[in-house]
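Colleague: I am new to reading protein models. Could you walk me through this one?

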Amino acid sequence: MEHRSYAYARVSSKEQHLDRQLESLRAYVNDERDIFIDKLSGKDTNRPGLQSLLYTLREGDTLYVHSLDRLGRRKEDIKNILNDLKQKKVFVRILDLPTTMNAATDEITGATMDLVNNLLIEVLGYMAEMERRNIRKRQEEGIQSAKAKGVKFGRKKKPWPESWKEDYDSWRNNKCTAMSLIKKYGWTSTTFYRKVKEWDNSNLSKV
């Protein structure tokens, strides 16, 4: 059976470009049909390009990837993919990991390379996971900083109906029923009493 070479490239969104990855991968994979791509986040492995690639790879094939984090962002996902490829006896070459780019020439060299590469995979898988956590942390810190400056998040509250204060006072003074106001504003009873509570709380804070 002929052993083939494949490549995988990924960016996190449709707005990002694959040019740099593809340029380096084409040095090893000539047929564009053998280069699988995704423009999706690496938060999980549910990516069409990746899944098609994993289905296509056979024993003795070689997979080229620009960097380890292109396979995924989570350490466990990366390890699972690499373990699956190892079980299928697929050679994995990571372009920015020089040791993975050298073919083993004998049993001792092969065993040594496996040891080194497994250590690198552990370390870089951990780094990819930490980077993802750091991104979330920076986002959270940015949100907290913005809130401290008075920036509001979430959906903007709808203004109170123009006649609400008058209707609310009438209802409180038993001049109209809750049902009449529910029908007037097209609310449910739950929405009406939630609005009443919000109104009461907002006015209490002004006292």
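Modeller: Strand 1 and strand 2 pair in the parallel sense over 5 bridges; strands here are DSSP E runs of at least two residues, helices H or I runs of at least four, numbered from the N terminus. Two strands pair if DSSP finds at least two bridges between them. This is a predicted model, where local features need pLDDT of at least 70 and side-chain atom pairs pLDDT 80 or more, while totals for chains, interfaces and linings use all residues. Residues are numbered from 1 along each chain as its sequence is written, and side-chain values use heavy atoms, without hydrogens and water.

Colleague: Which residue in strand 2 is the bridge partner of Ala9?

Modeller: Ile37 is the partner.

Colleague: What order do the strands of the open sheet have?

Modeller: In general, strands of a sheet pair through backbone hydrogen bonds, either parallel or antiparallel. Here the 4 strands run in the order 2-1-3-4, with parallel pairing. Strand 2 (35–39) and strand 4 (91–94) are the edges, each pairing on one side only.

Colleague: Where is Ser12?

Modeller: Ser12 sits in the loop between strand 1 (5–11) and helix 1 (19–25). The unreviewed UniProt entry annotates Ser12 as "active site"; such annotations may be inferred rather than shown by experiment.

Colleague: Why does Ser12 count as partly exposed?

Modeller: Buried means under 20% relative accessible area, exposed over 50%, and partly exposed in between (1.4 Å probe, protein chains only). Ser12 counts as partly exposed because its relative accessibility is 33%.

Colleague: Which residues does Ser12 touch?

Modeller: Contact means heavy atoms within 4.5 Å. Leaving out residues up to four places away in sequence, Ser12 touches Lys39, Leu40 and Ser41.
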